[in-house]
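Student: I have just opened this structure and would like a guided look at its side chains. Could we begin with charges and rings?
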Amino acid sequence: ALGGGVSGVPAVVTADFGSYMYIESLDRSSGIRVTPGGYPVNTLVAGSGVVKTAENGERYIESSSLKATGSGSVESLHIQTKPLWSGDYLYVPGTGAGQKGFAGGAGLTTVGLLVSTIGQVASTGPTSFTIDDGYGKPVRVPVPTGGRAPGLGEFVGVVGVVSIDNGGSILTPVILPRGPADVVPASNLLRQ
């Protein structure tokens, strides 16, 4: 059941990207992509659907019924970039069940979780940039609609949902910001 999460914990929408959205348990222990999208952030949802695997290797729920049940919210989980490179979660290569982890990853899966991190821009381009907090495990961040890529070497804070980049058979983490306000120069964070 969708919104049931683990042990019946309610789920809240943490990001909506139109054709898909992300939901997360209120205790922040798990999150997952859901199609279709269309519910505002902070909406509690419940429903049912079928678990599938997207082309990028990310597990998601294709919803057959979905309804809003109230409102709630979760804080982003502050995490360094290195632990975003998480390992397999109940992954079975023969069947594809579970979530395949990231290349060289270890620990509990971060896929689907709303996170915040801070790091230095290690590379930049017109559609995405990477940040690294000094551990040598950079994470790609797409430039949000209406935003711009920060400059090379700039320190930034990023809030977004952990998803997957699939470079063939190698999976790497990507943080999907929900909008321009989710990419902030670190100097602004220090003044708060």
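Tutor: A charge sits over a ring if NZ of Lys or CZ of Arg is within 6 Å of the ring centre and within 35 degrees of the ring normal. The model is predicted, so local features need pLDDT of at least 70 and side-chain atom pairs count only at pLDDT 80 or more, while totals for chains, interfaces and linings use all residues. Residues are numbered from 1 along each chain as its sequence is written, and side-chain values use heavy atoms, with hydrogens and water left out.

Student: Which ring has the charged end of Lys-137 over it?
Tutor: That ring belongs to Trp-85, and the charged end is 4.6 Å from its centre. Arg-33 lies over the face of Tyr-20, 3.7 Å from the ring centre.

Student: How many aromatic pairs are there?
Tutor: The count is three. Rings of Phe, Tyr and Trp (its six-membered ring) pair if their centres lie within 6.5 Å; planes under 30 degrees apart count as stacked, over 60 as edge-to-face and the rest as tilted.

Student: Why is the pair of Phe-17 and Tyr-22 edge-to-face?
Tutor: The planes of Phe-17 and Tyr-22 stand at 85°, so the pair is edge-to-face, with the ring centres 6.4 Å apart. Tyr-20 and Tyr-22 also form an edge-to-face pair, at 6.0 Å centre to centre and 80° between the planes.

Student: Is Tyr-22 buried or exposed?
Tutor: Tyr-22 is buried, at 0% relative accessibility. Buried means under 20% relative accessible area, exposed over 50%, and partly exposed in between (1.4 Å probe, protein chains only). Phe-17 is partly exposed, at 26%.

Student: Changing topic, where is Ser-163?
Tutor: Ser-163 is in strand S12, residues 155-167. Strands (E, at least two residues) and helices (H or I, at least four) are DSSP runs, numbered from the N terminus. Ser-163 is buried, with a relative accessible area of 4%.

Student: What does Ser-163 touch?
Tutor: Beyond four places in sequence, its contacts (heavy atoms within 4.5 Å) include Tyr-22, Asn-56, Phe-102 and Thr-172.

Student: And which residues touch the most other members of the largest nonpolar core?
Tutor: Among them are Leu-84, Phe-102 and Val-115, in a core of 21 residues. Such a core is a set of buried Ala, Val, Leu, Ile, Met, Phe, Trp, Tyr and Cys residues joined through side-chain atoms within 4.5 Å. S12 gives the most to this core, with four residues.
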